[in-house]
Amino acid sequence: MVQTLVQKILARACGRDSVEVGEIVEPKVSLAMSHENAALVMNQFYDIYKGTNLDAKIWDSSKIAIIFDHRVPAESSKTATNQKLIREFVKEQGIEKFHDIRGDKMGICHQILPESGYVRPGAVVVGTDSHTTSHGALGAFAFGIGATEMASVWALGTVLNVPVPATIKVNVHGKFKNNVYPKDLILHLIGRLTNKGANYKVLEFHGEAIENMPTSGRLTVCNMAVEAGATAGIIPPDDETVNYLRNTAGVTDEIDMLLPDNDAEYDSVVDIDVAELTPQIARPHTVDNVAPIQDVTGIKIDQIVIGSCTNGRLDDIRIAAETVSGKKIADDVRLLVFPASGKIYRQAMEKGYLMDLMNAGAVIANPGCGPCLGVHQGALGDGEKALSTTNRNFKGRMGNPDAEVYLCSPAVAAASAIKGVITEPKEEKENG
Amino acid sequence: MAKVIYKFGNDISTDLIYPGRFMATVLPSETPQYAFADNKDLNKMLVNKEVPEGSIIIAGKNFGTGSSREQAASTLKGYELVIIAKSFARIFYQNSVNLGLRIIICPDCEADKGDDIVITGNKVINTTKDMEFDIIPHSKTRQEIIDAGGLIVYTRKRLLNKK
């Protein structure tokens, strides 16, 4: 039977040769990730064992990852107490893949997992975060689940209720023009599919533009697959995947290159030629409200955010630094930069990117989710507008329902910081 | 019979149901106070217990889009609300099943605030408008989880059977 990549991964995780789209399966989990919401997972986990004489012990503590990122350092005593309880739990259960608020070890979960070599092609990855779709960039079937479902995974090592999803094949042709990036590709795709066009389905990416894309860009693309409603985004592993795992993530053991069948059956096929794309913007208040930048240039912006699990990687910070280097940001705009991990922070420091950004007037904050979900730093004032490289612009998202969020690439964010209004980056340079 | 207390359109996000700034509050016993916190009238109606348990919220397509935060389901479960929508976003749907929040998929449903609704095994009956609409049933596994009383009990049974 011919199968898509996700069918193959699920079949293997179920100990079978094949699975049918639509059937309900219970795959074994390769990696189960949580952030601060592990506090809720713990509560539900203990609940499972109530009234039994069983020991509340995680099925395999080597397969659990816990990463503090949503509110670091803690914004409130409540969060600090949750983090403290999680630390105690981590010790008690012997969880080694734990990333506390600490130097090079800290960061956003969707950067820590890839850069630490925790995600491999062919793996089943679940996370209590909707942007767990990111890890499809490395050829894994990775999807978000809720806290109670995670508690069940911790107890059993399987996910109990996974309908095998249909897959949309996305062929991405051509070569990006200067100043057009993977973020523009995924925003454009979400605009085309709508925010529910891929509901309960997988986006499997193919084509020349994907093959030539670095893993940082692939993570951006898969990160936002969920914004089209997709259960997961996935990219078949290739030489770039191996290169990233060996040279960036330090993986030394065997890498299993599971691929989809050439003649697999797809739900539908979407073709995109990136050579035709210009920078894209998602306007308030839905991510599919996408327009080419030409439609929105000149809108005055109060706060610009560069960072997040979508666009806080070294390539993103480099692009921003190169754009603002030797210039000053507009007087009445705030530019906040959140490197996605401690390692990226250090690299951006060593390469002088952070210096360029700070000289231009940026504030460099510590790695973490920052203002993206309106819970920590960088909330917006009434009536303010933000331009952000993050992934969501829902009403209230940056902490204020009376504010507006526009989404864009790091190149657009940095060019707009100089002018104080939404600006199309013009500089002629190679964007590798 | 229950009343429709509120009607939403499409794409109601988890940020509208349970804003991110309250995410440090995790326990199902504590989340209900922040239900629809940025919709002051609706929040007040719920917090002040102005509507009985079993009251109905009507929504369009893709209710619960966005985050995996389970608070979005537990906050509504706290009032034992029933959500009837044309469709639900995936993670919110799973979370609702897992926590026992009653959600009904009814693609053709027509109802307005104040309408009286009866829900049978496979129909939503709007007695005010004298109309009835088909319900799309949950998958067998989801129904088993609901019938068990949620995923915690369901998982507990699995664990005990494993031994």
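This is a predicted model: local features need pLDDT of at least 70, side-chain atom pairs count only at pLDDT 80 or more; totals for chains, interfaces and linings use all residues.
Q: How confident is the predictor in chain B, and what does the model score as a whole?
A: Chain B averages a pLDDT of 96, and 99% of its residues score at least 70. The model has ipTM 0.96 and pTM 0.96.

Q: What makes D11(B) count as buried?
A: A residue is buried if 20 or more other C-beta atoms lie within 10 Å of its own. D11(B) has 23 C-beta neighbours inside 10 Å, so D11(B) counts as buried. D11(B) sits in the loop between β1 (2–7) and α1 of chain B.

Q: Why is E80(B) called partly exposed?
A: The buried class needs 20 or more neighbours and the exposed class 12 or fewer, with partly exposed in between. E80(B) has 13 C-beta neighbours inside 10 Å and therefore counts as partly exposed. The loop that holds E80(B) runs between α3 (71–77) and β3 (82–85) of chain B.

Q: What is noted about the phi of D11(B) and of E80(B)?
A: Phi is near 60° for D11(B), a positive value in a residue other than glycine. For E80(B), also a residue other than glycine, phi is positive and near 50°. Most residues other than glycine have a negative phi.

Q: Why are α5(B) and α6(B) called roughly perpendicular?
A: Angles of 65 to 115 degrees count as roughly perpendicular. α5(B) and α6(B) pack at about 95°, with their axes 7 Å apart. The pair is therefore roughly perpendicular.

Q: Which residues of α5(B) and α6(B) meet?
A: From α5(B) come E144(B), I145(B) and A148(B), and they meet L151(B), V153(B), Y154(B) and K157(B) of α6(B). By class, this contact has 5 nonpolar, no polar and 2 charged residues.

Q: What makes α5(A) roughly parallel to α6(B)?
A: The cut-off for roughly parallel is an angle under 35 degrees. The axes of α5(A), residues 147–156, and α6(B) cross at roughly 10° and come within 10 Å. That makes the two helices roughly parallel.

Q: Which residues form the contact of α5(A) with α6(B)?
A: T148(A), E149(A), S152(A), A155(A) and L156(A) are on the α5(A) side, and L151(B), I152(B), T155(B), R158(B) and L159(B) are on the α6(B) side. The contact divides into 5 nonpolar, 3 polar and 2 charged residues.

Q: How many residues of chain B touch chain A, and which element gives the most?
A: In chain B, 38 residues are in contact with 47 residues of chain A. Elements giving two or more residues to the chain B side are α1 (14–17), α4 (90–99), α5 (140–148) and α6 (151–162). α6(B) gives the most, with 7 residues. The residues on this side divide into 14 nonpolar, 14 polar and 10 charged.

Q: Which residues of α12(A) are buried, and what covers them?
A: In α12(A), residues 342–350, the buried residues are G342(A), K343(A), I344(A), Y345(A) and A348(A). Their cover includes α4, α11 (314–324) and α13 (353–360) of chain A. Just after this helix, G352(A) takes a positive phi of about 85°.

How values were computed. Residues are numbered from 1 along each chain as its sequence is written. Chains are lettered from A and ligands numbered from 1 in the order in which they are written. Two residues are in contact if their C-beta atoms, placed from the backbone, lie within 7 Å. Helices (H or I, at least four residues) and strands (E, at least two) are DSSP runs, numbered from the N terminus. Ala, Val, Leu, Ile, Met, Phe, Trp, Tyr, Cys and Pro count as nonpolar, Asp, Glu, Lys and Arg as charged, and the others, Gly among them, as polar. pLDDT is the predictor's confidence in each residue, from 0 to 100. Axes are lines fitted to C-alpha atoms, for helices over the stretch in contact, and angles run from 0 to 180 degrees between N-to-C directions. Angles under 35 degrees count as roughly parallel, over 145 as roughly antiparallel, 65 to 115 as roughly perpendicular and the rest as oblique.
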